[in-house]
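Open the model in your viewer and keep the selection tool at hand. We will go stop by stop.

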Amino acid sequence: MYSFVAVLIIIACILLTIVVLVQNSKGGGLAANFAAGNQAFGVRQTADFLEKATWTLAISVLVLCLAATAIVAGGGGGESSSTIQRSLENIQSTPGQPEFPVMPQPPQPGPSDATTPEE
C-alpha cells in the first residue's frame, strides 16, 4: 500500500512540475499562444485551468504525503521496524573495541590502602 501511495506522489510531483513550468509569471506561457484569436478555450480559460491544476496537484501531493505518513505510522512498516530493533539489541561488540559502561559504576567498598601493618 505504501509503494502505491509513493508512486502516486511521484506522479503528482512530476505533473505539478510540468504545469508550473508551462505557466509564465507575467501572464504569458501557454495562455499567450491563444492571444491571437477568440476561441472557446481562449486565453483566460487556459490561465484558469493551469491555476486550478496547480492548486489541485499541490493539495493532492500534500494529502498523499500525509496518507503515506499515516500508513507508515499505523503499522505498514511495523514489522520491519521491530525486526530492526531486535537486530540492534542483539549486536555484540567486535573484539578489540573498547566497551564503555552504559551507567557509571558506583565505587566499590574495599580494604583501605591508607594503613597496612608491615612485618
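A patch here is built from residues with over 30% relative accessible area and no salt bridge, joining like charges within 9 Å and nonpolar side chains (Val, Leu, Ile, Met, Phe, Trp, Tyr) within 5 Å. A salt bridge puts a side-chain nitrogen of Lys or Arg within 4 Å of a carboxyl oxygen of Asp or Glu. Accessible areas come from the Shrake-Rupley method with a 1.4 Å probe, and for residues only the protein chains shown count as cover.

This is a predicted model: local features need pLDDT of at least 70, side-chain atom pairs count only at pLDDT 80 or more, and totals for chains, interfaces and linings use all residues. Residues are numbered from 1 along each chain as its sequence is written, and side-chain values use heavy atoms, leaving out hydrogens and water.

**Stop one.** Select Met1, Phe4, Val7, Leu8, Ile10, Ile11, Ile14, Leu15, Ile18 and Val22. They form a nonpolar surface patch with about 950 Å² of accessible area together.

**Stop two.** Pick Leu8, in helix α1 (residues 2–22). Helices are DSSP runs of H or I, at least four residues, numbered from the N terminus. Leu8 is partly exposed at 31% relative accessible area; buried means under 20%, exposed over 50%, partly exposed in between (1.4 Å probe, protein chains only).

**Stop three.** Go to Thr54 in helix α2 (residues 43–76). Is Thr54 buried or exposed? Thr54 counts as buried because its relative accessibility is 18%. Beyond residues up to four places away in sequence, Thr54 touches Leu16, Val19, Val20 and Gln23 (contact: heavy atoms within 4.5 Å).

**Stop four.** Cys65 is partly exposed at 35% relative accessibility.

How values were computed. Helices (H or I, at least four residues) and strands (E, at least two) are DSSP runs, numbered from the N terminus.
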